[in-house]
Amino acid sequence: MLKIDKLVAGYGKVKVLHGISITVPEGKVVALIGSNGAGKTTTLRALSGMLKPESGSITLGGKDIAGLTSHEITRMGLAHSPEGRRVFSTLPVMDNLLLGAFPRLTGSRHKGDVDGDINRMFELFPRLKERRTQLAGTLSGGEQQMLAMARALMLNPEVLLLDEPSMGLSPRLVEEIFVIVERLKKVNMTMLLVEQFAAAALEVSDFGYVMENGHIRTSGEAHALKNDPAVQSAYLGGGH
Amino acid sequence: MQILMQLIVSGISVGMIYGVIGFGYQLTFATSKTLNFGQGEALMLGALVGLTTINFLIGQQIGTFWAYVIMLPVVLAFGALQGSVVEWLGVRPAMRAKSEAGWIMATIALGIIFKNLAENIWGRDALKFPSPLPEASLSFGGIRIQPMEIVVVVGAIALMLGVEFFNRRSIYGKAVVATSNDRDAAGLMGINTNRIITFSYALSSMSAAFAGVLVAPVTLTGATMGAVLGLKAFAVAIIGGLSSGMGVVIGGLILGITETLTGYYISTGYKDVPGLVLLLIVLSLKPSGLFGKAAIKKV
């Protein structure tokens, strides 16, 4: 379980998050929606230590992780599939997956069955299997997104953060990505999903939070939010 | 023709030394976008520590060849330590302060300090380094090669292949490549990227120290031997492209061979000119180096 309480963060003097609180219960999927610039990505960056929070608390499985570095947070079991995929372009697909399991391979996290997990990733993303010796930089956008997700899953995380997995993908691929999120949900993966496709995100989620200008504007059960007229007109209307 | 071949062969051995030092620049540039401007001094310190060690061992009635072999790990360990110190004192504070140029002054300053230190310990004179192999040249179809020149080439290639093998095969090596690709994303994999950068500095100075004890028996050694070599290797790294380990080696060979050719056909007085001319040409035509990938700086 991931619990964020009154989190304040920003870049230099510019505050982006003005005290937000979000709870991601164990085994549940939580969608974080909102328009461009609302602070969704900044929230995820603050959670995974890419950005140092100014105040507030973040607890992962009861332990305070606010202010730790990203490698420390990752080793504690928070995986982050970042905005823009950020795959290691000069390394083959296979090495990208192995690096996802770096803490498991180097003794800072329970090792488990790394080879078995790689095979499970290939089942979940059959395209990665075909391309496993190919350099990640030569993959298509959709394949890179799948690799970024698979790489994050290789941590065997307690909580998975997904930042805009649908960004820049064709409608058919977006659908494919959401099917995978659905499958992960079925195996009780705890997820915080940031999405511009608000309707689709709420569809696969248990709970939703709507962000606006660095504040949480409203939150609740996903299906309730989906039917909320105010949310509908602002975020679920035309274009999405 | 025979003279030409002879010059090329000599150029290769000189070029390999430039290549190894340049390779060291490339190692730290890849992970941290910084480099050690005291790389020449790392080479000099390696050679002088090697000299003291080998003389001590010879004093213990160990033959020169075995003394040289035993001395190698000592020098490599010393180089790694020295590189870590440079990173820790000169580079990390500048990176923490997000200073774009602080590390340049800091590594130059550390280089000068190391040189002064060496002058006080080993004096200012050039010193003779015992050669582990006979100094008489071997002749291959009229082309004469010193046995130590072969060791230089083989040693340089072995070092670079070793690093390449480590990067491709071990998970720690892959972590180094991942850090070079995208430092933030590497952090998200649970990789301590600060430690990777320290490691790349250690490896970089280790390469320089290794180059120092490779070249020392062929030339002479002394507190001032590093400055020119470090600068030329820097030119080589720029010519080859700082983003390509292979490019740096080829850059080294190009510079080594042009130098020996100029020295013979034009004048030894102009020996240093063609390399620098080449540097200027590469900088104006292909600033990322002959083999470098053009970096796109995202704003």
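## Surroundings of helix 6 of chain B

In this predicted model, the buried residues of helix 6 of chain B pack against elements of both chains. From chain A these are helix 3 (93-100) and helix 4 (102-105). From chain B they are helix 1 (2-32), helix 5 (147-169), helix 7 (183-188) and helix 8 (193-215).

Helix 6 of chain B covers residues 171-181. Its buried residues are B:Lys174, B:Ala175, B:Val176, B:Ala178, B:Thr179, B:Ser180 and B:Asn181.

## Packing against helix 3 of chain A

The axes of helix 3 of chain A and helix 6 of chain B lie 10 Å apart, and the two helices pack at an angle of about 100°. Angles of 65 to 115 degrees count as roughly perpendicular, so the two helices are roughly perpendicular to each other.

Helix 3 of chain A contributes A:Asp95, A:Leu98 and A:Leu99 to this contact, and helix 6 of chain B contributes B:Ile171, B:Lys174, B:Ala175 and B:Ala178. By class, the contact has five nonpolar and two charged residues, with no polar ones. In an α-helix there are 3.6 residues a turn, so residues three or four places apart point the same way.

## The side of chain B that touches chain A

Between the chains, 15 residues of chain B are in contact with 23 residues of chain A. On the chain B side, the elements giving two or more residues are helix 6 and helix 7. Helix 6 of chain B supplies the largest share, six residues. By class, this side of chain B has eight nonpolar, four polar and three charged residues.

Definitions and conventions:
Residues are numbered from 1 along each chain as its sequence is written. Chains are lettered from A and ligands numbered from 1 in the order in which they are written. This is a predicted model: local features need pLDDT of at least 70, side-chain atom pairs count only at pLDDT 80 or more; totals for chains, interfaces and linings use all residues. A residue is buried if 20 or more other C-beta atoms lie within 10 Å of its own, exposed if 12 or fewer, and partly exposed in between; C-beta atoms are placed from the backbone. Helices (H or I, at least four residues) and strands (E, at least two) are DSSP runs, numbered from the N terminus. Two residues are in contact if their C-beta atoms, placed from the backbone, lie within 7 Å. Axes are lines fitted to C-alpha atoms, for helices over the stretch in contact, and angles run from 0 to 180 degrees between N-to-C directions. Angles under 35 degrees count as roughly parallel, over 145 as roughly antiparallel, 65 to 115 as roughly perpendicular and the rest as oblique. Ala, Val, Leu, Ile, Met, Phe, Trp, Tyr, Cys and Pro count as nonpolar, Asp, Glu, Lys and Arg as charged, and the others, Gly among them, as polar.
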